[in-house]
Amino acid sequence: MIPFTSLAEACSAISSFIRCCADEPSTEGFDELALGLFAFQFVHNTPYANFCRTENHTPETVADWRDIPAVSTRVLKSLDLTVLPVADRETVFRSSGTTQTNRSRHFHSRDSLAVYHTSLWTWFAEHLLDESANRLLFLCPELAQAPKSSLVHMMDAVAKRLANRERCFGADGQWRIDGEAAVDFLHDCATQNEPVTILGTAFSFVHLLDHLDTAALEFQLPSGSAAMETGGYKGRSREMPKAELHQAITTKLGVASERIICEYGMCELSSQAYDGKLGQANAAPRLFRFPPWARARVVSPETLADAELGQAGLLQVVDLANVSSVFSLQTEDLAKRHADGFELLGRAELAESRGCSLMNLTHA
Amino acid sequence: MPEPSLDYFLADKPGAELTHPLIAEACQTLRRNRNEYLATLGNEQIISKLAEVGNLWRSPDYPLRQMALDADPEETGFPREVLAAGLDACFAEWTQEKFFMLLTQEFGDPTRLQSFASQPNRTFSMVNGPQLIAHIAPGNLPVPVFQSIAFGLLLRSAQFIKCASGKSLLPRLFGHSLHFVEPGMAASLEIAEWDGGNESLEPALFAEADCVTVNGSDNTVEAIRQRLPLGKRLVGYGHRVSFGYVEKQANEVMGTQAIISRAADDVVAWNQHGCLSPHVIYVEQFGSLKPERFAEMLAEELEVRNEAMPRGPISTKEAASISTTRRFYKIRSANNVGALIWESEETTDWTVVYEDEKQFQTSPLNRFIFVKPIEHIEEALHVLEPVRESVSTVGLAASEARMRELALPLAQWGVPRICALSQMQRPPLAWRHDGRPPLGELIRWTDLETA
């Protein structure tokens with residue numbers, strides 16, 4: 001175990017680990033960092049520590065990262081779990097949701113935000129960058145218009161890293177697609193023969209495709225163009241089966257199917273999983289993979305033990321980049337376990353949850 | 001007795017290809033058979049056969065019952081013990097006396113089904129059931145299907161029962177018992193299965209039927225309403241929720257353990273599936289039985305019950321729902337913020353959550369029960385306002401005198417059924433589902449004014 005005496009120290013160690021992994025993919029060192037981070041979060045997050053004690057899994061007893069108690073992401077909708085004192089909470093990410101009571105909050109300090117940036121960029125670059133220097137069409141608002149969206153934050157970070165590329169943010173603060181701006185940008189890409197990567201949520205792609213339909217437009221974007229689609233409709237558009245959506249992206253935009261990559265991420269996590277790499281054949285079923293600094297487990301909902309290969313269960317993620325919040329999380333997503341990744345099956349159907357005003361815990 | 005061969009209904013032939021003309025033809029045959037035979041029977045003949053079927057289903061060595069109990073729980077939805085208890089509770093009600101009481105309750109005079117009978121105002125009236133009823137059967141519980149079939153027969157209606165794919169076993173077994181007891185009656189019955197919303201088969205069925213009954217989610221009921229041709233009668237039962245209520249002196253009258261045991265009966269029955277099972281049990285504060293203690297004792301009782309009547313395996317989705325909800329409450333429990341949790345170890349077999357927060361909370365079911373404190377019935381009705389429209393049943397633990405006192409505000413507020421705790425999933429044969437007359441909505445009255 002690596003003991004951390006401060007958040008800065010933990011952030012620095014984990015950032016180094018991420019950079020090492022980027023240079024040479026290896027998972028050596030994960031276990032020690034995980035146990036160290038567990039001890040750190042246990043000390044600095046009293047509600048989490050209380051939970052761990054009732055589970056009989058504390059830094060004294062846990063020797064395997066799999067035994068680090070996982071918090072349900074649902075809990076974060078009504079309870080702030082963070083090691084950050086109020087004064088250090090510089091940035092907050094909120095999940096989408098209709099009311100204040102069913103939206104998660106994920107706080108970051110300057111240090112933890114830097115880890116988030118390192119994490120997201122490293123794994124994004126690994127999957128969505130190749131030799132062609134694509135233009136970028138983001139189907140989301142600019143950061144100033146949606147500062148609490150972790151996805152917008154991620155897109156902004158990507159845009160800044162690729163500052164020399166032409167780009168367009170094609171949605172307003174309400175996530176409405178600016179069809180004209182997007183079409184102009186795509187038209188320009190097509191006529192200039194400049195490949196473009198389009199990034200957005202499934203519902204934004206549906207909005208864009210609907211706009212193209214209405215305008216009776218189709219594009220044959222230059223080869224080398226790509227799409228990154230991230231799950232979820234959240235009731236913002238009609239829902240399309242994934243295969244159908246991808247088919248439409250190929251036929252209406254001309255993006256080759258092997259250059260459509262899905263991302264799995266959420267506001268409660270600081271790392272993302274992708275289901276393929278540009279330029280590599282992605283065999284079906286397409287499996288999501290987290291980076292070496294985040295590990296996914298599919299657990300039996302009955303026993304919470306690892307599901308057998310090929311079995312479905314709840315997805316848990318241990319994400320070292322979640323330095324300041326809780327890094328062992330149980331999602332509400334069902335997944336099927338494979339030897340080399342996981343297949344997303346959709347949400348567990350939960351009984352209607354209502355926000356609970358009694359959950360405002362204060363903590364050290 | 002050798003295992004009976006089951007080859008009579010469409011659903012008995014798994015490979016059979018269902019088509020629009022086939023469904024239409026089946027409906028026409030049912031109607032013809034009904035006119036030739038079922039319509040000519042008297043109440044006594046029908047009721048005696050129904051009681052006979054009910055009796056058979058209650059006898060442990062009845063082969064069709066055994067087939068039901070031996071079936072894969074995935075096909076029936078329930079492990080053996082849970083199913084056996086549910087079948088016993090259902091068929092205990094199927095006596096000749098109770099069937100006649102049902103007819104009397106609905107029509108005043110049971111002979112009205114066969115001829116005109118006088119009314120207090122000196123006119124005469126009789127009732128006629130639909131010639132052909134289409135039932136869209138619910139996927140969770142078999143009891144409503146058995147009852148629907150019995151009610152249809154009482155009304156001399158031919159019936160087409162549409163089950164969800166893979167969900168027809170219990171209705172079929174029931175149909176076969178009827179076929180063995182009285183083939184003539186069963187000739188007016190068809191059972192088939194397909195996935196709901198079928199654009200080819202359902203229009204055929206809806207066009208032929210005089211009346212359609214639906215048990216299902218609100219969305220299912222609404223979808224069928226929209227697709228039903230104008231003038232067809234729809235009897236739809238959508239989603240409802242139920243809760244238990246323990247009055248603060250009940251334990252002094254009934255004994256604490258008796259109340260706990262009754263609460264467990266309702267949580268265990270049909271593994272809480274169906275609209276009549278409780279999501280929450282409210283326990284009045286300030287009595288000698290504290291709500292937290294009630295929850296703790298209920299947890300102990302559910303563990304005991306799980307030995308005698310295991311909940312059995314459930315789907316990954318259902319288990320995931322329990323697991324996620326448990327995790328949500330565990331962290332609150334660990335931090336003493338108004339919640340305590342008790343749970344079966346290493347499985348999702350049972351869960352009790354005590355929660356200060358009084359609002360109604362939907363349970364993930366499969367033996368997951370919320371226990372909440374409440375000051376008095378007025379407060380309960382206040383916090384339950386958001387679900388007022390969808391409450392089905394309230395199971396009460398109280399002395400008989402207090403039960404009557406509590407029933408009045410509940411009834412005035414809009415609760416259609418109030419029963420003793422432990423009886424929530426055991427409604428009497430003649431109960432008024434969602435407060436509606438069980439036969440009255442299916443029939444047509446004819447008045448004869450002779451004056």
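This report walks through a predicted model with chains A and B, from the domains down to single residues.

## Ground rules

Local features here need pLDDT of at least 70 and side-chain atom pairs count only at pLDDT 80 or more, while totals for chains, interfaces and linings use all residues. Residues are numbered from 1 along each chain as its sequence is written, and chains are lettered from A, with ligands numbered from 1, in the order in which they are written.

## How the two chains meet

Let's start with the interface. Chain B puts 28 residues in contact with 30 residues of chain A; "in contact" is for two residues whose C-beta atoms, placed from the backbone, lie within 7 Å.

## Two domains in chain B

Chain B splits into domain 1 (10–239 + 433–448) and domain 2 (241–420), with bounds that come from an automatic or database domain assignment. Their C-alpha centres are 32 Å apart. Where they touch, 12 residues of domain 1 of chain B meet 13 residues of domain 2 of chain B.

On the domain 1 side of that contact, helix 5 (residues 80–91) of chain B gives the most, with 4 residues. Helices (H or I, at least four residues) and strands (E, at least two) are DSSP runs, numbered from the N terminus. By class, this side of domain 1 of chain B has 6 nonpolar, 4 polar and 2 charged residues.

The largest nonpolar core holds 238 residues, and Ile14(A), Leu139(A), Leu320(A), Leu298(B) and Val371(B) touch the most other members. Domain 1 and domain 2 of chain B both give residues to this core, so it lies between them. A nonpolar core here is a set of buried Ala, Val, Leu, Ile, Met, Phe, Trp, Tyr and Cys residues joined through C-beta atoms within 7 Å. A residue is buried if 20 or more other C-beta atoms lie within 10 Å of its own, exposed if 12 or fewer, and partly exposed in between, with C-beta atoms placed from the backbone.

Take Leu139(A): skipping neighbours within four places in sequence, its contacts include Gly170(A), Ala171(A), Ile177(A), Phe205(A) and Leu208(A).

## A parallel sheet with a helix on it

Chain B has an open sheet of 5 strands in the order 5-4-3-6-7, with parallel pairing; two strands pair if DSSP finds at least two bridges between them. Strand 5 (189–193) and strand 7 (233–237) of chain B each have a single partner strand, so one side of each is left without a neighbour in the sheet. The twist averages 15° from one strand to the next.

Strand 4 (residues 158–163) and strand 5 of chain B are joined by 5 bridges, and Phe160(B) stands opposite Glu190(B) in strand 5. Helix 1 (residues 20–36) of chain B packs on this sheet, touching strand 3 (132–136), strand 4 and strand 5, and its direction makes about 145° with that of strand 4. Axes are lines fitted to C-alpha atoms, for helices over the stretch in contact, and angles run from 0 to 180 degrees between N-to-C directions.

## A mixed sheet

Another open sheet in chain B has 7 strands in the order 10-11-12-9-8-13-14, with mixed pairing. Its edge strands are strand 10 (339–343) and strand 14 (417–420) of chain B, each pairing on one side only. Neighbouring strands are turned by 20° against each other on average, direction ignored. Strand 10 runs antiparallel to strand 11 (residues 351–355) of chain B, and 5 bridges join them; Glu343(B) has Thr351(B) as its bridge partner.

## Residues to look up

Val246(B) sits in strand 8 (residues 241–246) of chain B and is buried, with 27 other C-beta atoms within 10 Å. Among the residues touching Val246(B), beyond four places away in sequence, are Ile259(B), Val283(B), Phe294(B) and Ala397(B).

Trp270(B) is in the loop between helix 13 (256–268) and strand 9 (278–284) of chain B, and Asn366(B) is in the loop between strand 11 and strand 12 (368–374) of chain B. Trp270(B) counts as buried with 23 C-beta neighbours inside 10 Å, and Asn366(B) counts as buried with 21.

Notes:
Nonpolar A, V, L, I, M, F, W, Y, C, P; charged D, E, K, R; others polar.
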